[in-house]
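This briefing concerns the structure shown below. The notes that follow are grouped by topic.

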Amino acid sequence: MTVALRTPDKLMKLHRLGSFHPSRMSFMYQLLRRMGRENWRYERQLFDIDEQGVGRAVLTMHGPYRSYSLVAFAHDLPDELRSDRVIAQAWDATFCLFDGVPSTEDIDRLETQVPGQETARLTPTELCLSRANRSVRLWQQVVDALSAGRQPDEQQLAEVGYLMRTTAVYGSGKFGLCDRFAIADRPELHAPFQAEMLTVFLIRQFVRDLINHCAVVKGGGQAVELSPELARSLGLGNSTGLGMAPFLVNHPRLIDRWIAARESALAEIAELAAFDASSLQRAKAKLAKGVAKIPCWRSRHPYQIERVAQLKADMLKLEQVDCGSPGASLDWAEENLSDEGREFWATCLLEAYPQIADRWSEEMAIDEAAGYEIDGNWSLEQTLNAIQRHFDWALKCDWNESETARVWYVSQEKLEPRLGERADEPLEAFEQPLAPGRDMAAFARSLQTSEAQNLAAFLRETPEFRHTARRLQWVCEYPFGEIHDNTISAALKPIDMLRLKLSFFGATYFDPRSDRWLRICMFQDAPLADELSLGNCEGWG
Amino acid sequence: MDVSFNELEARVKKAARGAGLPWGLAEDFAKVIVAVAQKDHISGTWVVDFLLHPHACDWLKELTYELDMHSSPRPRPANVPAQMDPVWEGFEIRYLQLSGGKRYPPRLRATIDSELWLKLEKLEFQTYAPESDESRLKGAGAGVNDND
């Protein structure tokens, strides 16, 4: 069936993308559904942590074909060294995801590497590398309560949402990890970021075990374990910064697959003549859950406070409206709600029609190594027409000082991605190619005055546009891969870019701390690894 | 030493940029070097020697022009200078890959001489901005100690 998708020029605006919500198509939801459906089995192979909370652990998930193990190292980190920045040198705990079950020799080798994180050299048997810090607000309070034989205060847990937060989860060959191509054909890892999501899921499990251990160390026989209900209510936090924003610009074909799959599912749903009773009930249940959870979405950032208020108002409208069909409800949302409400209602519709959403979820991966060539036979007119068609917004921008105020760069300090002010700092020589709109407009201007015979000849004369030409040919095939907004404007809010990616991960409680730095929560309310089953692997978010 | 193909591609691309190539040519050059590494161990430091040659950009413009215009392998260009030999071989492999023809059996790792890895790193580093207090405090949008 071919149905009309929402168009990129409407959808791919940063404010809209920065309003995306997690849905059942998000990667952590896909992971748990698969593991529950396939009856994956959890096993704690090793938990050798001493009274100072220092030691090693191995937590394994056994699937039908393969096993994957989280190898964890717990450290005794002085408070003054605890930082979530990439520039940190030490963490409360460090981790890697091992392909299979590690031997003692493997763990010994990993102990010499994993705690160093960015200085580690890993091998193809390691799939991911990560680290986490304790929540200073919550950790000691929870240990104190459990060690005294009582459960911690539920309200205080809810205010933070996690006991530890990761500050990076690396994969895809970084620091010697296994390359993506080597595992992409495995059904369980074919969807994007499945190894990373599994790493996070098992870290959450490790954190639960570690806090129980610390409580016993302190309280001895008096200590109690964190109740399963409270443990389930806690996710794993994450602090993240600008590193995610370059990813979105650097992987346009992958981003297109994510958004096109979601839009295709919505378009198919919108074609249905009317809601059936059970689908409408699922949509309403998702809405009700959203209404119930919105008081927990706390942020001190004015931008986010306003967004949450808009969403709250939109939810009230959604509760009262009665649209006859999914398509009519999407149209109504477009006319009556803010971006927050529009995109939230989209997730309700995906939840209402799980068969459609789950089928399209299988279309979110792509082999990015393929299709890298440029078709040099394009005429210059054809090239200009393509720019006009896909970058009309960029051609209309005058790219003055305010529109080019920012510079994306990478610092020599632990290669941290940063955003600078072009007028104030000498950064242009180090500028990363993360302004496709500006570059496409310059490409168009140069094409207009060129007498080259074709695109290949043009690029031979002016190779500085080669990167942009490749991007243009990609967008013709992958139109949802391109952000239709200026990524170097003085008005840019990088957190919109971060939220887009995090929504596809499945992250919740998006909480910006500035325009380029934020906290989120992952797997909150999900079943724990030792209780995951077919019966609880979905509907938890 | 062995490295992942992703590491190799990322480092060669940035090293090529650090050597002064435009980003687009740096991308193609990195793909070519990955193709070479998929076939065999990369010995010596010819990758960096090539990048630092004053005509590297001109040669790559010609080779990528051929790649853009033709989807099947081309005759070896006349008067190919010696420095171009291994790079040309890489382009030949890319032609074969892009035309869906012969593919070398996948190797799990790229292997290269460690001297090359370090020389590439040095070039890559030229694409990174020097550290400053202002950058450290403002560029990432978080405090240096972001505890809670």
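**Briefing on the predicted model**

The model is predicted: local features need pLDDT of at least 70, side-chain atom pairs count only at pLDDT 80 or more, and totals for chains, interfaces and linings use all residues. Residues are numbered from 1 along each chain as its sequence is written, while chains are lettered from A and ligands numbered from 1 in the order in which they are written.

**Chain B**

- Chain B has seven helices and two strands, where helices (H or I, at least four residues) and strands (E, at least two) are DSSP runs numbered from the N terminus.
- Along the sequence, the pattern of chain B reads β-α-α-α-α-α-β-α-α.
- In chain B, 78% of the contacts with a separation of 6 or more are between residues 24 or more positions apart; two residues are in contact if their C-beta atoms, placed from the backbone, lie within 7 Å.

**Contact between the chains**

- Chain A gives 51 residues to the contact and chain B gives 37 residues.
- On the side of chain A that touches chain B, at least two residues each come from strand S8 (406–410), strand S9 (417–421), helix H20 (455–461), helix H21 (466–477) and strand S10 (508–514) of chain A.
- That side of chain A has 18 nonpolar, 14 polar and 19 charged residues; Ala, Val, Leu, Ile, Met, Phe, Trp, Tyr, Cys and Pro count as nonpolar, Asp, Glu, Lys and Arg as charged, and the others, Gly among them, as polar.

**The nine-stranded sheet of chain A**

- Chain A holds an open sheet of nine strands in the order S1-S2-S3-S4-S5-S6-S7-S11-S10, with mixed pairing; two strands pair if DSSP finds at least two bridges between them.
- Strand S1 (41–49) and S10 of chain A are the edges, each with a single partner strand, so one side of each lacks a neighbour in the sheet.
- On average, neighbouring strands of this sheet are turned by 25° against each other, direction ignored.
- S1(A) pairs with strand S2 (residues 55–62) of chain A in the antiparallel sense over eight bridges, and Glu43(A) has Thr60(A) in S2(A) as its bridge partner.
- Gly53(A) takes a positive phi near 80° in the hairpin of S1(A) and S2(A), which has five residues between the strands.
- S2(A) also pairs with strand S3 (residues 67–74) of chain A, antiparallel over eight bridges, in a hairpin with four residues between the strands; here Thr60(A) stands opposite Ser69(A).
- Strand S4 (residues 93–99) and strand S5 (residues 126–134) of chain A run antiparallel and are joined by six bridges, with Leu97(A) opposite Cys128(A) in S5(A).
- Strand S6 (residues 162–170) of chain A is mostly covered, with nine of its nine residues buried.
- S6(A) is joined to S5(A) by six bridges in antiparallel fashion, and to strand S7 (residues 235–240) of chain A by three bridges in the parallel sense.

**A helix crossing in chain A**

- The axes (lines fitted to C-alpha atoms, for helices over the stretch in contact, with angles from 0 to 180 degrees between N-to-C directions) of helix H13 (residues 302–320) and helix H15 (residues 339–352) of chain A come within 8 Å and cross at roughly 55°.
- That makes H13(A) oblique to H15(A); angles under 35 degrees count as roughly parallel, over 145 as roughly antiparallel, 65 to 115 as roughly perpendicular and the rest as oblique.
- The contact of H13(A) with H15(A) has five nonpolar, two polar and three charged residues.

Technical notes. A residue is buried if 20 or more other C-beta atoms lie within 10 Å of its own, exposed if 12 or fewer, and partly exposed in between; C-beta atoms are placed from the backbone.
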